[in-house]
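The points are grouped by topic for a reader who is new to it.

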Amino acid sequence: MKIFSVSQIRAWDAFTIANEPIQSLDLMERASCSFVKWFCERFDDRQCVKIFCGMGNNGGDGLAIGRLLLQKHYNVQVFIVKHSDTDSPDFRENLTRLQLQTHVHWIENASSVPDLSSNDYVIDALLGSGLSRPAEGILADAIQAINGSHSMVISVDIASGLFADAPNSPLDAIVKPAFTVSFQCPKLAFFQPQCGENVGEWHVVNIDLHPDYERITATSYFYTAPGQINSLSNPRKKYSHKGSFGHALLIGGSYGKMGAIVLSAKACLRSGVGLLTVQIPRCGYDILQTSLPEAMVLPDWHWMVNTTVPDVSSYSALGIGPGLGKDSLTLAMLKELFPTLTQPVVLDADALNLISENPDLLHSIPKNAILTPHPKEFQRLLGNGWKDDYEKLDFLRDFAQKHQLIVCLKGAHTAVALPDGSIHFNSSGNPGMATGGSGDVLTGILTGLLAQGLPPAEAAIFGVYQHGAAGDRAAQKCTQPGLIASDIINEMGW
């Protein structure tokens, strides 16, 4: 699914109006019907619905939603914040229609903002995605009242006061909804950690904007939805054998950190790789052979750390980093190994930390290698921080393009940055996966997929999604607080 900017979404509306064709008022009605359908499937008519409308088209949506909910016998009260002397034509027409059914309340100053109860449903339709400056005056007063209530708040398309694709100031007045119902596609703001409390749980409803616009319009941002993932799966043929699915090499582990490489190796096997060899320091030999008899072990001569440069000619893909440690002998091994690699490779954990501390290593990494940093590791790779999450995305894109690497920046909606400048946000996963070893599992999955022949970009997008999907299944069984990394492995399968 493509993620468009505010200007592109506005152009999509105009394209639909011109080419369907459809009147803008009827398109607004279609969007409002989609919102009402979503709302009625989740909330009953026993509580009061208070709708706060601005005077633009987002307010027009709110007026239409109020009329439609009244027709479904909901107890609806509509409040219009008079923040301007002008309104939009579609707002005006929907106001006329609504006033045939009910009285509309006008909010002209802070004292006329209504009291809100914890039993109320509040629908926020004050300001839409076209917002270009912070909410001020009576709008800010209304937002403060909504945020100060204990009501269930649902925002129409985007939370009022939130910029859709640019950072807000920390002092801006922004609604804090429990839910955001976005029309047709998600907004870039939905994927920024700094916007989390101003988005809540978000959903996209289809309003049948013209499909040709989406097909012909370019964007750098994408959302990996479940329906897109099925086409990336790698079905097995009847007469396949273990050699058909590649031979992976994982390099990791150090004294006290053998669990990381065990988790990664088990996930690699679960991902479907035909053969797996694991290079570890000698102290982990018994651990790995006992815990994972399906894997072959290549023990290093050193008892504590990895030091030996392996002959990689027989391997389809490599994964390096889980539990690796940062010993100087390990660093020397990576310096010698990296320039020899022609196979796809995944780099994680201490492999990334060693690169951060020795930036020259970055130039010897094979093109299209997959890096899987969490935000702190990525910050160390960059050598500097960022002022906000939008700048972080710019740095992520620039880094992937400059070095021709694939970077999976881990977190909620893990962002997969490709060398072509595109960023793909993931749809699966949950906060229970924020636990030690979860990243090691991802490294194993990605290494296994590469060994089976998936192109690196597809392996990164598919692997990140399946990692999250397994985590979602695990959380259903174990709860999010009770989830541990091995639970993710136990729920793998596609």
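M304 is located in the loop that links β12 (296-299) and β13 (317-320). The model is a predicted one.

**Surface patch**
- Together with Y255 and W303, M304 makes a nonpolar surface patch of about 370 Å².
- M304 is partly exposed, as its relative accessible area is 35%.

**The open sheet**
- Seven strands form an open sheet with parallel pairing, in the order β4-β3-β2-β5-β6-β7-β8.
- The edges are held by β4 (104-107) and β8 (201-205); each has a single partner strand, so one side of each lacks a neighbour in the sheet.
- On average, neighbouring strands of this sheet are turned by 20 degrees against each other, direction ignored.
- Five bridges join strand β2 (residues 49-53) to strand β3 (residues 76-81) in the parallel sense.
- K50 has Q77 in β3 as its bridge partner.

**Helix α5 on the sheet**
- Helix α5 (residues 137-148) lies across β2, β3, β4, β5 (121-125) and β6 (152-156).
- The helix α5 runs at about 145 degrees to β3.

**Helix α11 and its cover**
- Helix α11 (residues 350-357) is mostly covered, with seven of its eight residues buried.
- The buried residues of α11 are D350, A351, L352, N353, L354, I355 and S356.
- Their cover includes β13, α10 (328-337), β14 (345-347), β15 (370-371) and α12 (375-382).

Note on methods. Residues numbered from 1 in each chain as written. Predicted model: local features only at pLDDT ≥ 70, side-chain atom pairs only at ≥ 80, totals over all residues. Heavy atoms only, no water. Patch = residues over 30% accessible without salt bridge, like charges linked within 9 Å, V, L, I, M, F, W, Y side chains within 5 Å. Areas by Shrake-Rupley, 256 points an atom, 1.4 Å probe, with all protein chains shown as cover. Salt bridge = Lys/Arg side-chain N within 4 Å of Asp/Glu carboxyl O. Helix = DSSP H or I, 4+ residues; strand = E, 2+ residues; numbered from the N terminus. Buried < 20%, exposed > 50% of the residue type's maximum accessible area, 1.4 Å probe, protein only. Pairing = 2+ DSSP bridges. Axes fitted to C-alpha atoms, helices over the stretch in contact; angles between N-to-C directions. Contact = heavy atoms within 4.5 Å.
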